[in-house]
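I opened my notebook to look up a few things in this structure. Here is what I looked at.

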Amino acid sequence: VGWPIVLSTLVGSTNLVRETTDEETALVFRVIKGGYRMSALSAASGWVLIANLPPAERKATLALIERAPEAEFRELARKKTLINKMLGEVQRDGCCLRSRGVMRQTISAVPILAPSMAASAGGYCLRSRDEIRQTIIAVPIHTPSGTPLAALSLRFFSTAMSQAEALSRYLAPLQETARKIGAAYEARQLGASGAVPTIASSHAA
């Protein structure tokens with residue numbers, strides 16, 4: 001589709017990027033690579049992952065976030081009624097859609113002159129650019145038997161299209177890709193060992 005796609009899982013209270021197409025597209029401002037971590041509640045993928053955990057595992061994950069370094073997410077995780085309502089909405093919708101700023105630049109420029117002109121020249125230009133925003137659509141990856149595995153997300157520049165247009169274009173293909181990944185993973189794991197690892201086994205590692 002051109003826009004970057006990320007596959008991620010939960011590790012403790014963080015969202016861990018496992019695979020990404022960032023280096024295969026020019027439609028990024030900041031390249032994300034495998035191994036990158038962020039607070040689970042700061043990422044659309046993290047919301048999808050937590051929302052699809054079994055109740056006991058969701059409770060345990062939120063308890064970890066209550067002790068996380070980021071005050072914003074600690075406080076949110078402690079508001080049990082609110083956070084569970086928000087997670088319930090994500091689970092009901094089958095996706096999470098979030099928008100965030102990714103870059104605000106200040107640029108300084110000075111002239112480059114020949115030595116004969118340097119003595120009489122001077123000055124510089126300092127300018128700031130407005131924050132650039134991106135929107136992320138994330139969907140869960142389940143096995144056909146319902147085991148939650150990971151999240152698949154796509155991000156795009158918020159000025160490129162509306163959220164409604166993005167959902168119309170990309171939600172169904174993302175969900176279909178997630179379905180195929182889940183089915184292939186389960187078939188491979190059952191063929192190898194007869195058991196399918198879960199999100200819980202991943203974020204307990």
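**Ground rules.** I am working with a predicted model, where local features need pLDDT of at least 70, side-chain atom pairs count only at pLDDT 80 or more, and totals for chains, interfaces and linings use all residues. Residues are numbered from 1 along each chain as its sequence is written, and side-chain values use heavy atoms, with hydrogens and water left out.

**Whole chain.** I found seven helices and eight strands in the protein chain; these are DSSP runs numbered from the N terminus (helices: H or I, at least four residues; strands: E, at least two). I then checked burial: 40% of the 205 residues count as buried (under 20% relative accessible area; exposed is over 50%, partly exposed in between; 1.4 Å probe, protein chains only). I also looked at contacts (heavy atoms within 4.5 Å). Of those between residues at least 6 apart in sequence, 61% join residues at least 24 apart.

**Helices H1 and H4.** I looked up how H1 (residues 44-51) and H4 (residues 80-93) sit together: their axes come within 9 Å and cross at roughly 95°. Axes here are lines fitted to C-alpha atoms, for helices over the stretch in contact, with angles from 0 to 180 degrees between N-to-C directions. The two helices are therefore roughly perpendicular (65 to 115 degrees). From H1, Trp 47, Val 48, Ile 50 and Ala 51 meet Ile 83, Met 86, Leu 87, Val 90 and Gln 91 of H4. I sorted these residues into eight nonpolar, one polar and no charged.

**Salt bridges.** I counted eight salt bridges, each a side-chain nitrogen of Lys or Arg within 4 Å of a carboxyl oxygen of Asp or Glu.

- I found Arg 155 paired with Asp 22, their closest N and O atoms 2.3 Å apart. Arg 155 is in strand S8 and Asp 22 in the loop between strands S2 and S3, so the bridge ties together parts 133 residues apart in sequence. Both Arg 155 and Asp 22 are buried.
- I saw Lys 80 meet Glu 66 at 2.1 Å, N to O. Lys 80 belongs to helix H4, while Glu 66 is in the loop between helices H2 and H3. Lys 80 is partly exposed at 41% relative accessibility, whereas Glu 66 is buried at 19%.
- I noted Glu 75 with Arg 78 at 3.1 Å, N to O. Both lie in helix H3, three residues apart, about one turn of the helix. Glu 75 is partly exposed at 40%, and Arg 78 is partly exposed at 42%.

Notes
Parallel < 35°, antiparallel > 145°, perpendicular 65-115°, else oblique. Nonpolar A, V, L, I, M, F, W, Y, C, P; charged D, E, K, R; others polar.
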